[in-house]
Amino acid sequence: MNKREPKQTLSQELGLIEEVRIGFKFVKRGLREIDLILPGNDFYHPPMLFLATGIERILKCMICMEFKERTGFYPTTNDKLWLKGKQGHNLIQLKDTVVKFCIPLNGAAKEDHRVLACDPMVNSFLRLLSDYGSDTRYYNLNALLTGSISADPMRSYDRFTGDLGFAVFGKTLMAQIEDPLQARKAYESMNIATKALIERFTRALARQFIFGTFKNQSKRFLFEIDPFHKLEDQELGTRFY
């Protein structure tokens, strides 16, 4: 006799739907917080906290859903779908697990698989969030209690968004930074580039719910994943949440 009943329970089903909803809601809140990063406000903790938490939840939900599709029942902790401890917050490892079962799409979504699998800027940002989720969010406490100095997440975020902004806007951003009267515009440009990167990645995940691996379950998540699965390229970075 099977130790586990293949038939899904109502509590598991409701728990999954709620967890997906929370994950996408965290991402939306993180995107909203990015717009608040302006001259005089370099408090980068909120966007990193919300984005790290939201993306981790979404990826883990997708891994659980794939297990259900493949086996007929939901996983338990005994199935060990991801590592324990700090490594359980490693977004690169979680993403790589998701990529293995994501279906390459055609048409407007044909670039999604590349974004998920091997986009260097996406991977760099996910590493930044992984470090934050597992350790660097306690940067100052760690320095206080242990005397050891690790990477400062505030500087890491500032450096990443600056590099990304230059990659997107080039000399235009440089001119804005060099002109004190355009300081706010420079921050807004970097925010647009950062939001566009996150939205492109989240859109690729959301489309798997509609057109890819989980398309048979898509009706349950239409509200939760809105508006990411519908975003057009020209909208990326411009939406306010």
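**Briefing: cysteines and helix packing**

A search of the whole structure finds zero disulfides (pairs of cysteine sulfur atoms within 2.5 Å). This is a predicted model, in which local features need pLDDT of at least 70 and side-chain atom pairs count only at pLDDT 80 or more, while totals for chains, interfaces and linings use all residues. Residues are numbered from 1 along each chain as its sequence is written, and side-chain values use heavy atoms, leaving out hydrogens and water.

- Cys61 is in no disulfide, and the nearest cysteine sulfur, that of Cys64, lies 6.4 Å away.
- Cys102 is buried, with a relative accessible area of 6%.

**Helices H7 and H9**
- The axes (lines fitted to C-alpha atoms over the stretch in contact) of helix H7 (residues 153–169) and helix H9 (residues 183–210) come within 8 Å and cross at roughly 90°.
- H7 is therefore roughly perpendicular to H9 (65 to 115 degrees).
- Residues in the contact (heavy atoms within 4.5 Å) include Tyr157, Phe160 and Phe169 of H7 and Met190, Ile192 and Leu197 of H9.
- The residues of this contact divide into nine nonpolar, five polar and no charged.

**Helix H3**
- Asn90 caps the N-terminal end of H3, with a side-chain oxygen 3.0 Å from the backbone nitrogen of Ile92.
- The buried residues of helix H3 (residues 91–101) include Leu91, Ile92, Lys95 and Phe101.
- The buried residues of H3 pack against helix H2 (45–71), helix H4 (112–118), helix H5 (120–134) and H9.

Terms used
Buried < 20%, exposed > 50% of the residue type's maximum accessible area, 1.4 Å probe, protein only. Axes fitted to C-alpha atoms, helices over the stretch in contact; angles between N-to-C directions. Helix = DSSP H or I, 4+ residues; strand = E, 2+ residues; numbered from the N terminus. Parallel < 35°, antiparallel > 145°, perpendicular 65-115°, else oblique. Nonpolar A, V, L, I, M, F, W, Y, C, P; charged D, E, K, R; others polar. Polar contact = N/O pair within 3.5 Å; in protein donor to acceptor, adjacent residues only side chain to side chain.
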